[in-house]
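Thanks for coming, everyone. Let me put the structure up, and then we'll walk through it piece by piece.

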Amino acid sequence: MRKAVIVGCRGQDGRILHDLLSRKGYRLLGVSRDGPVDVRKPERVLDLVKRFKPDEIYYLAAYHHSSQEAAIAGAQMHRRSWEVNVLGLVNFLEAMKAHRPAARLFYAASARVFGDVGGGRANEKTGLAPNDVYGITKAMGLMVCRLYRRHHGLFASVGILFNHESSLRAPIYVTRKIVQAAAAIKKGRAKELVLGSLDDEIDCGYAPDFARAMLAIVGRGRADDFIVSSGKKHSIREFVSTAFSALGLDWRQYVRV
């Protein structure tokens, strides 16, 4: 029986991956902000890896502040992002080096590591040019994995993940906000949906497909960096139109920018 640790087990990707690995017969240990360890504490992470002896570690934890949430002070944002997106990862890599050097780690990075590519297409060779705190710390995590691959011979693969959605998406994200608003309007519980823009375009995939990609990346012969995306961009307007049309509604009567 293979054993895996899922760090960030209560998020969308963690929950989907947990179900997928459970069906494959894995013995699983989930880590979230509620426990069983604080990923910021190196000694706690070291002890967890030593005791559980995982074959695979999926580091999906991320601190990401949505535009739909209340503002957070800059210093606090930087500190939280660093602690979750980088420091926790380093602690697991150090624990692997000490106690499970043959284990395999997957790190969930983000397309935000590229910043603005000017409408072009990104690939694994595209330079890193993040322009927000989330992208900066995810780029640091990516580079940390490269460092541990090169200098310590660890299997530390990176998935550079573009947007991916499912019914498990939290309401603070725009896709879930649109779906919930459309349903509320259909039921007569709301009258309108207010959005900041309809013209923004995103590469948007299906989260269960991304979870299967994580398994494929971990199962490869050697560790590397891999973009995971649909390869197609869709506008918020298109998403809104599709969601409202599914309920027989004309979105133009209910959506305000």
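One term before we start: contact means heavy atoms within 4.5 Å. Helices (H or I, at least four residues) and strands (E, at least two) are DSSP runs, numbered from the N terminus. What you see is a predicted model, where local features need pLDDT of at least 70, side-chain atom pairs count only at pLDDT 80 or more, and totals for chains, interfaces and linings use all residues. Residues are numbered from 1 along each chain as its sequence is written, and side-chain values use heavy atoms, with hydrogens and water left out.

Let's begin with the six-stranded sheet. Strands of a sheet pair through backbone hydrogen bonds, either parallel or antiparallel. Here, two strands pair if DSSP finds at least two bridges between them. In what order do the six strands of this open sheet come? The order is β2-β1-β3-β4-β5-β9, and the pairing is parallel. At the edges stand β2 and β9 (225-228). Each has a single partner strand, so one side of each has no neighbour in the sheet. From one strand to the next, the twist averages 20°. Angles run from 0 to 180 degrees between N-to-C directions, and axes are lines fitted to C-alpha atoms, for helices over the stretch in contact.

Now look at β1, residues 3-7. Is this strand buried or exposed? Buried means under 20% relative accessible area, exposed means over 50%, and partly exposed is in between, with a 1.4 Å probe and protein chains only. Five of the five residues of β1 are buried, so the rest of the structure largely encloses the strand. In a regular strand the side chains alternate between the two faces of the sheet. Both faces of β1 are covered: K3, V5 and V7 are buried on one side, A4 and I6 on the other.

V5 has L29 as its bridge partner in β2. I6 stands opposite G30 in β2. Helix α2 packs on this sheet and touches β1 and β2, with its direction at about 170° to that of β2.

Between β2 and α2 there is a loop, and S32 sits in it. S32 has a relative accessible area of 14%, so it counts as buried. Leaving out residues up to four places away in sequence, S32 touches C9, R10 and V37.

On to the helices. Two packed helices are described by the angle between their axes and the distance between the axes. Take α2 (residues 42-52) and α3: their axes come within 9 Å and cross at roughly 45°. That makes them oblique to each other. The rule is this: angles under 35 degrees count as roughly parallel, over 145 as roughly antiparallel, 65 to 115 as roughly perpendicular and the rest as oblique. P42, V45, L46, L48, V49 and K50 in α2 meet N91, F92, E94, A95, M96, A98 and H99 in α3.

How do α3 and α4 pack? Helix α3 (residues 74-99) and helix α4 (residues 133-152) pack at an angle of about 15°, with their axes 9 Å apart. They are therefore roughly parallel to each other. The residues in this contact include W82, L89 and L93 of α3, and Y134, V144 and Y148 of α4.

Three strands form an open sheet in the order β6-β8-β10, with mixed pairing. Its edge strands are β6 (163-165) and β10 (233-235), each pairing on one side only. The twist averages 55° from one strand to the next. Strand β8 (residues 201-206) pairs with β10 in the antiparallel sense, over three bridges. D203 stands opposite K233 in β10. Helix α6 (residues 207-218) lies across β6 and β8, at about 70° to β8.

Last stop: G196, in the loop between β7 (193-194) and β8. G196 is exposed, with a relative accessible area of 74%. G196 and R256 are 60 residues apart in sequence, and 8.6 Å apart in space, C-alpha to C-alpha.
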